[in-house]
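Open the model in your viewer and keep the selection tool ready. We will go from stop to stop, and each stop tells you what to select.

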Amino acid sequence: MGRTLARPLTSGVLLFAASLLAISVFATSALAQTASEGLSPTLSAIKSAHTVRLGYRESSPPFSFLDQSGRPIGYSLELCEAIVEEIGVEVDDPNLRIDYVKVTSDDRIDAVLQNKIDLECGSTTANAERGKRVAFSPLMFVAGTKLMVPKASAVGAVTDLTARTVVVTKGTTNEQAMHAADKKFSLGLNIVTAPDHEQSYQMLADGKADAFATDDILLFGLIARHKAQDKFRVTGDYLSYDPYGIMFRKGEPQLAAVVERAFRKLGSNRDLVPLYNKWFTARLPTGERLNVPISLQLEEAFKAMDDSPSANN
């Protein structure tokens with residue numbers, strides 16, 4: 001049998017094949033561009049990676065902490081998961097993955113600015129100073145700086161701490177509040193810092209500080225988590241006003257709209273108050289119970305998120 005020999009490709013055929021390849025590459029590129037067209041930088045990156053990176057805290061119960069198996073859980077994380085669902089609608093990808101990224105009070109803002117996380121789901125105060133660098137969700141909680149002291153301590157107010165040691169968590173608004181109180185009342189405080197709330201608590205437990213200053217709800221959460229109701233108490237007047245929000249990158253109106261839409265859906269479905277009660281009044285998955293009823297201010301803020309027709313009745 002004779003063999004059939006392949007004919008050599010002519011230059012015209014090669015040119016035609018190259019043209020087809022170029023058209024194919026251009027079409028693929030155009031489709032990819034169209035897919036993310038109109039999306040803000042964060043949303044475009046999420047669509048490309050099919051992943052949303054959530055920043056979590058290890059020891060900020062009930063907002064963001066670890067369960068017995070080391071899994072991040074909490075009120076803030078549930079709110080973030082609702083935002084992830086809304087992001088999925090916006091980028092037309094209902095099966096977005098979640099990547100949990102550990103952050104601390106000291107590095108959480110940089111994690112947002114340096115594009116290490118997309119949403120910060122912890123216990124972060126939304127104030128004007130931070131608002132110059134990052135954006136925040138609608139109000140999700142209101143707290144304020146108070147003191148945790150040993151049960152037997154005579155300290156009842158910040159003015160009782162003259163020349164004593166107070167531990168604060170580095171990078172928090174509470175650190176600023178204590179320096180302000182120190183200056184205002186000429187207390188001569190020894191203000192020391194710890195990397196996270198758990199380490200701050202441990203310094204107080206080890207007798208290395210006379211008081212631990214942070215947001216009252218976090219103090220109650222740590223006492224409950226450590227079952228230390230017979231060892232420590234929360235005392236003093238509020239030394240700061242701390243409205244909490246979910247933090248994300250500034251300058252992306254589309255992302256901000258998605259975040260607000262997620263809150264408004266929760267508000268319109270009457271999900272915000274039950275979600276609050278799940279983490280602040282019911283028993284937590286880790287066994288403890290905080291018994292902190294919702295404040296009138298937060299309840300009103302949640303009502304303002306209700307866009308349902310019956311909201312105006």
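Helices (H or I, at least four residues) and strands (E, at least two) are DSSP runs, numbered from the N terminus. Colour by these elements: the protein has 11 helices and 15 strands. The model is predicted, so local features need pLDDT of at least 70 and side-chain atom pairs count only at pLDDT 80 or more, while totals for chains, interfaces and linings use all residues. Residues are numbered from 1 along each chain as its sequence is written, and side-chain values use heavy atoms, with hydrogens and water left out.

**Stop 1: the inside**

Buried means under 20% relative accessible area, exposed over 50%, and partly exposed in between (1.4 Å probe, protein chains only). Of the 313 residues in the protein, 47% are buried.

Now select Y75, F141 and I217. They touch the most other members of the largest nonpolar core, which has 50 residues. A nonpolar core is a set of buried Ala, Val, Leu, Ile, Met, Phe, Trp, Tyr and Cys residues joined through side-chain atoms within 4.5 Å. Next, show helix 3, residues 75-90. Helix 3 gives the most to this core: eight residues.

A separate core has 14 residues, among them L147, L161, I191 and A213.

Which residues does F141 contact, leaving aside neighbours within four places in sequence? They are F63, I217, D242, P243, Y244, Y276, F280 and L298. Contact means heavy atoms within 4.5 Å.

**Stop 2: the rings**

Show the aromatic side chains. There are 12 aromatic pairs in the structure. Rings of Phe, Tyr and Trp (its six-membered ring) pair if their centres lie within 6.5 Å; planes under 30 degrees apart are stacked, over 60 edge-to-face, and the rest tilted.

Select F63 and Y75. This pair is edge-to-face, at 6.1 Å centre to centre with 65° between the planes. F63 sits in the loop between strand 2 (59-60) and strand 3 (64-66), while Y75 is in helix 3, 12 residues apart. F63 is buried, at 0% relative accessible area. Y75 also counts as buried, at 0% relative accessibility.

Y75 and F280 form an edge-to-face pair, 5.1 Å centre to centre and 80° between the planes. Here the link runs from helix 3 to helix 10 (residues 272-280), across 205 residues.

Now select the whole cluster. Ring pairs link F63, Y75, F141, Y244, Y276 and F280.

**Stop 3: the largest pocket**

Switch to a surface view. Rolling a probe the size of a water molecule over the atoms shows where empty space is left. Select I109, E129, R130, R133 and G171. Of the 14 residues lining the largest pocket, these are the closest to its centre. Helix 4 (108-113), helix 5 (128-131) and helix 6 (173-185) each give two or more residues to the lining. On a 1 Å grid over the protein atoms alone, a pocket is an open set of points where a 1.4 Å probe fits, with protein on both sides within 12 Å along at least five of seven lines; lining residues have an atom within 4 Å of a point.

**Stop 4**

Most residues other than glycine have a negative phi, and most peptide bonds are trans. Select P61 and P62. A cis peptide bond joins them, with omega about 0°. P62 lies in the loop between strand 2 and strand 3.

Finish at D92, in the loop between helix 3 and strand 5 (97-102). D92 is not a glycine, yet has a positive phi of about 60°. Is D92 buried or exposed? D92 counts as exposed, at 65% relative accessibility.
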